[in-house]
Amino acid sequence: MESHTIVEALLLGLLEGLTEFIPVSSTGHILLAGHFLGFHSTGKAFEILIQLGAILAILSVYFRRLWQMLLDLPHDRLTRHFVIGILIAFLPAAIIGALAHDFIKTILFESPRLICIMLIIGGVVLLTVDRMNLKPVYRDVERFPTRLYLQIGLFQCLSLIPGTSRSGSTIVGALLLGVDKRAAAEFSFFLAIPTMVGAFAFDLFKNRNVLSSADLPIIAVGFVAAFITALLVVRFLLGYVSRNGYSLFGWWRLVIGGVGLVALMIWG
């Protein structure tokens, strides 16, 4: 990994935690910020490893519920249904992501213009869906039909394109499929756990030879910053979207994507 400053690591860690669980594309934000800051780690190792902070944040918020699910799993049918549903939703993106890993990291991740365009397209989609008069049918994430878990998982495959957003694709998919706004965000949180852990482990294995002890200080700073900000976002988000919907994040995407395109035209 190239030598970078603690300040850059702090900024990118804060950005990762802030954007990981809201539908604005954390990957797109991190890659754009890294592009304009001149921050490029070998194999995107830094950008991958600080995601562990966001993973631990979601695990800490849902620890009691996850622990209870683990205890109930052997004898409770509803718990088994939910856990199997999460795994079903996780598999499509996991399989495609593993097969297309090198193309995604070496081609798609190296295109800031594509990221900006996807941010704008995603913003338009999010604003449109948020304003549609959808009639929610599903409000309890543990009682979704099995086919619904799979359908949301297929929507998550769109997030393999940087700038699309993992949470954004799953939330929009869930809303269109009849899930209410709060449950859509909550299921996105649960689906993030195997998705992010799997992506983290796979990328860590792929980049095991490019890391050294000299990288630890900036990784540690980015990790802690991502953990703290992600913790705050997760605790805040469900209540916010229940009251206000997702339009704020649609406008956010449009602004960042538009500003990014202008900056690319001026500075390259």
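## A tour from Asp130 to the cores

Begin by selecting Asp130 and Lys181, whose side chains make a polar contact with each other at 3.2 Å. Keep in mind throughout that the model on your screen is a predicted one. Asp130 is found in helix H8, which covers residues 112-131, and with a relative accessibility of 13% it counts as buried, because buried means under 20%. If you set aside residues up to four places away in sequence, Asp130 touches Lys181, Gly245, Tyr246 and Ser247.

Next, select residues 247-267, which form helix H13. Now colour Phe249, Gly250, Arg253, Gly257, Gly260, Ala263 and Leu264, which are the buried residues of H13. Turn the view until you look down the axis of H13: the buried residues fall within an arc of 165°, and therefore they line one face of the helix.

What do the buried residues of H13 pack against? Show helix H2 (26-37), helix H8 and helix H12 (216-244), and you will have the three elements that they pack against. On the face of H13 turned away from this buried side, select the exposed residues Val255, Val259, Met265 and Ile266. Then step past the end of H13 to Gly268, which follows the helix and has a positive phi, near 80°.

Return now to Phe249 and show its surroundings: leaving aside neighbours within four places in sequence, Phe249 is in contact with Ile22, Pro23, Val24, Leu126, Leu237, Tyr240 and Val241. Phe249 also belongs to the largest nonpolar core, which has 59 residues, and together with Phe21, Phe144, Phe187 and Tyr246 it touches the most other members. To see the element that gives the most to this core, select helix H11 (residues 181-206), which contributes 11 residues. Apart from this core lies another, of 9 residues, including Leu108, Ile115, Cys116 and Leu119.

For a last stop, select Cys116 and Cys157. Are these cysteines buried or exposed? Cys116 counts as buried because its relative accessibility is 0%, and Cys157 counts as buried because its value is 16%. A disulfide is a covalent bond between the sulfur atoms of two cysteines, and a search of the whole structure finds 0 disulfides.

Technical notes. Residues numbered from 1 in each chain as written. Predicted model: local features only at pLDDT ≥ 70, side-chain atom pairs only at ≥ 80, totals over all residues. Heavy atoms only, no water. Helix = DSSP H or I, 4+ residues; strand = E, 2+ residues; numbered from the N terminus. Buried < 20%, exposed > 50% of the residue type's maximum accessible area, 1.4 Å probe, protein only. Polar contact = N/O pair within 3.5 Å; in protein donor to acceptor, adjacent residues only side chain to side chain. Contact = heavy atoms within 4.5 Å. Expected span 1.5 Å × (residues − 1). Arc of directions from axis to C-beta. Core = buried A, V, L, I, M, F, W, Y, C linked by side-chain atoms within 4.5 Å. Disulfide = S-S within 2.5 Å.
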